[in-house]
Amino acid sequence: MLSDQKFEMKRDDESRLHIARRRLCFVPDLSKFSMLRCVCLNENKIREICRTSFNCCLTELCLPNNHISSISGALRHLSCLRVLLLHNNQIKCLDETVAELRNMQDLYTLSLYLNPFTQDPQYRLYVLHHLTSLQLLDRKEVKPGERRQAFKTFNTERQRVLDSIAFGRRALPPPAGRKEINKNPPSQHGTRCTNSLYNGTERPSAIRPTQNSIVQVRVMNWSGTGMAQWNPVKSKPAIDIRTVKTR
């Protein structure tokens, strides 16, 4: 076992710690180093990780080329982690691994290749679907097309709903026997409709604002008209008809 003096850091580099190729079988207690932000323990013989090994402010953790079989319950408190390297280990359960990393909202670089679960053909899409903050996975940049494919693969119910609504469905042609109406509004100076639905005639809505209309109103004065029992049959009723034209 290495003594505590082995982990003493210089004041100029107190936020970083590199312990590589030391044949470590476990992760030493580093939680007392409150200023520690980056830890590199690559190429050792570490088999397991304890929850109390790291402080919650850690942003970079490098554990590649070890013998780690599981990280369940050991890293979920590292909510500030941005870079995590776990490639070339013996981690077998993909579900537990992804569940352990879900709370890391700032995780943008993750390396998991050369672990047993990476043999699954849908491994990459599964990780991208659950860890949406990733920008670099296994040294490959995450592309928007991969995210869309991951969403369709692992969220089929929601994708089905999106496909059923209007903006997610392909536009259908008009039914047979009906002509499609041109939805483009007429120009400011033109009154002719180019749509074949009107067969070259003028569109009423386009004519109305540009032409003056004449309304003829006839007012009949019934006050001077006698009743049938008052006037003889041969006499003509005195009906006053007035015509008013408005423009």
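Are Phe-117 and Tyr-123 buried or exposed? Phe-117 is buried, and Tyr-123 is buried too. Buried means under 20% relative accessible area, exposed means over 50%, and partly exposed is in between, with a 1.4 Å probe and protein chains only.

Before going on, some ground rules. This is a predicted model, in which local features need pLDDT of at least 70 and side-chain atom pairs count only at pLDDT 80 or more, while totals for chains, interfaces and linings use all residues. Residues are numbered from 1 along each chain as its sequence is written, and side-chain values use heavy atoms, with hydrogens and water left out.

The confidence comes next. pLDDT is the predictor's confidence in each residue, from 0 to 100. The mean pLDDT of the protein is 76, and 57% of its residues reach 70 or more. Over residues 174-181 the pLDDT is below 50, and this stretch has 5 contacts in the model beyond near neighbours in sequence. Residues 187-201 also stay under 50, and there the model has 18 contacts beyond four places in sequence. A contact means heavy atoms within 4.5 Å. Where pLDDT is low, the predicted coordinates should not be read in detail.

Now the overall layout. The protein has 5 helices and 9 strands. These are DSSP runs numbered from the N terminus: helices are H or I with at least four residues, and strands are E with at least two. Along the sequence the pattern reads β-β-β-β-α-β-α-β-β-α-α-α-β-β. Of the 247 residues, 30% are buried.

Seven of the strands are in a sheet. It is an open sheet of 7 strands, in the order β1-β2-β3-β4-β5-β6-β7, and the pairing is mixed. β1 and β7 (140-141) stand at the edges with a single partner strand each, so one side of each has no neighbour in the sheet. Two strands pair if DSSP finds at least two bridges between them. β4 and β5 run parallel and are joined by 3 bridges. Leu-84 has Leu-110, in β5, as its bridge partner.

Two loop residues next. Asn-42 is in the loop between β2 (38-40) and β3. Asn-42 counts as buried because its relative accessibility is 18%. Leaving out residues up to four places away in sequence, Asn-42 touches Ile-19, Ala-20, Arg-21, Cys-62, Pro-64 and Asn-66. His-67 is in the loop between β3 (60-62) and β4 (83-85). With a relative accessible area of 34%, His-67 is partly exposed. Beyond four places in sequence, the residues that His-67 touches include Asn-44, Ile-46 and Gln-90.

What about the interior? A nonpolar core is a set of buried Ala, Val, Leu, Ile, Met, Phe, Trp, Tyr and Cys residues joined through side-chain atoms within 4.5 Å. The largest one has 40 residues, and Phe-54, Leu-61, Leu-75 and Leu-110 touch the most other members. α1 (94-101) and α2 (123-130) each supply at least two residues of this core. α2 gives the most, with 4 residues. Among the contacts of Leu-75 beyond four places in sequence are Phe-54, Leu-61 and Leu-84.

Which residues of α1 are buried? They are Leu-94, Thr-97, Val-98, Glu-100 and Leu-101. They cover an arc of only 155° around the axis, so they are on the same side of α1. The arc is that of the directions from the helix axis to the C-beta atoms. The buried residues of α1 pack against β4, β5 (109-111) and α2.

Back to the opening pair. Rings of Phe, Tyr and Trp (its six-membered ring) pair if their centres lie within 6.5 Å; planes under 30 degrees apart count as stacked, over 60 as edge-to-face and the rest as tilted. By this rule there are 2 aromatic pairs. The rings of Phe-117 and Tyr-123 have centres 5.8 Å apart and planes at 45°, so this pair is tilted. Tyr-126 and Phe-154 form an edge-to-face pair, 5.4 Å centre to centre with 75° between the planes. Tyr-126 lies in helix α2 and Phe-154 in helix α3 (residues 144-154), so the pair ties together parts 28 residues apart in sequence. Tyr-126 is buried because its relative accessibility is 15%, whereas Phe-154, at 28%, is partly exposed.
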